[in-house]
Amino acid sequence: MILPNSTLLVTVTGRDRPGVSARLLSTLSVFPVTLADLEQVVIGGRLVLGALLSVDDRVAPGVSRDRVFEEVRSAIEKTVVDLGMQVECSDGNGRVSAAGTGKLHVTILANPLRPGALGAIASCVARAGANIDRIERLASYPVTSIELVVSGADTEQLRADLAMEAATQSIDVAVQPSGLHRRGKHLVVMDVDSTLIQGEVIELLAEHAGCAEEVARVTAEAMRGELDFEESLRRRVALLKGLDASALDDVREKLVLTPGARTLVRTLKRLGYECAIVSGGFSQVTDALVERLGIDHSAANTLEIVDGRLTGGLVGPIIDRKGKATALERFAAEAGVPLTQTVAIGDGANDLDMLQTAGLGVAFNAKPLVREQADTSVSVPYLDTIVFLLGVSREEIEAADRKDEV
């Protein structure tokens, strides 16, 4: 146990170059001290290294703590002068944070991220009586993503407070507990229309059938939660009666993936995650996405086709709001993944049960009703920003891409 006033905090700053950390730690190695805590960061070519030291009584029993710390100060000051750096030594007050204990990860997404917005988030954390232990940049494009490690806060209360501040600042903020579940095997389940792909498949089919305006109106009512999904689906599909099934071939060819969709799936697969899609749309289209992207699990409605034409009906069980949540549970069971380690991504009211069932529900460019009820929301048009919520950095994605190219 480390007692108050029993530690020395050494903070070194200066231009970073190879060997600096090794030289500093080598200087400390001749003293009877242990590292109670250590942190290093490099930003803009400048290094900041903080080491919290305590005297190792097992190596030097009965030795004067003050004398050891004084000798450490003198040796470190000489070393940093040789390195052209600066050092500050102060009483560490015995404080050592327990890594991962009661900590939260606060992930911020913005384009652009302004100092005032980040300052407002930091102030919100302070008002909650919490402390920011670490700040790390995860990405600088296509959006800026910053992750804060926060201690001393109630998860739900901080999430609610930051959601309000994020709306004010026009940025996205996600709050997640720290722990092994962030690094364990995950299952990521995505909605298809207006999430994995741009637009709505049924509206593309409606253009071929000449009923686009009527279908779009019913779709909008359903996505706002103003109309039961199954009722709206059957009404829209009925309007497609008589459409030649070859229209499905044209729609499949014209599908446009959401920016970042390929990167998201590719990165998740490299991490050992399983990917799934669940759609209120149609298997005749989603099956092509499964093959195209290497999706592990899928569920969608199926259009009835007789003699090469759509009948205006559906066959099999309906994948509606409840059906999406049920599919997520089934996929998790098949993958052997606890629901707490699943992520669901969607944009409409019929995704809400799925978002609330998952360990992390992400509203992606969603309707207001969905944003309010999901764990977090992403309002930028890049699907791969989801990986930042999982703690993966842009640099890690690019490094993996380069490795695969070799």
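Which helix or strand supplies the largest share of the lining of the second largest cavity? The search was run on a predicted model, in which local features need pLDDT of at least 70, side-chain atom pairs count only at pLDDT 80 or more, and totals for chains, interfaces and linings use all residues. Residues are numbered from 1 along each chain as its sequence is written, and side-chain values use heavy atoms, with hydrogens and water left out.

A cavity here is a set of points, on a 1 Å grid over the protein atoms alone, where a 1.4 Å probe fits but cannot get out; lining residues have an atom within 4 Å of a point. Points are joined across faces, edges and corners, and a volume is the space filled by probe spheres set on them. By this rule there are 2 cavities of 30 Å³ or more.

The second largest cavity holds about 40 Å³ of space. Its lining consists of Val10, Val12, Leu24, Leu25, Leu28, Leu49, Ala51 and Ile76: 8 nonpolar residues, no polar and no charged (Ala, Val, Leu, Ile, Met, Phe, Trp, Tyr, Cys and Pro count as nonpolar, Asp, Glu, Lys and Arg as charged, and the others, Gly among them, as polar). To return to the opening question, H1 gives the largest share, 3 residues. Strand E1 (7-15), helix H1 (20-28) and strand E3 (46-55) each supply at least two; helices (H or I, at least four residues) and strands (E, at least two) are DSSP runs, numbered from the N terminus.

The largest cavity has a volume of about 140 Å³. Of its 16 lining residues, Asp193, Glu200, Phe229, Gly280 and Gly281 are the closest to the centre. This lining divides into 5 nonpolar, 5 polar and 6 charged residues, and E10 gives the most to it, with 4 residues.

Terms used. 1 Å grid on protein atoms, 1.4 Å probe; cavity = no way out; pocket = protein on both sides within 12 Å on 5 of 7 lines; lining within 4 Å.
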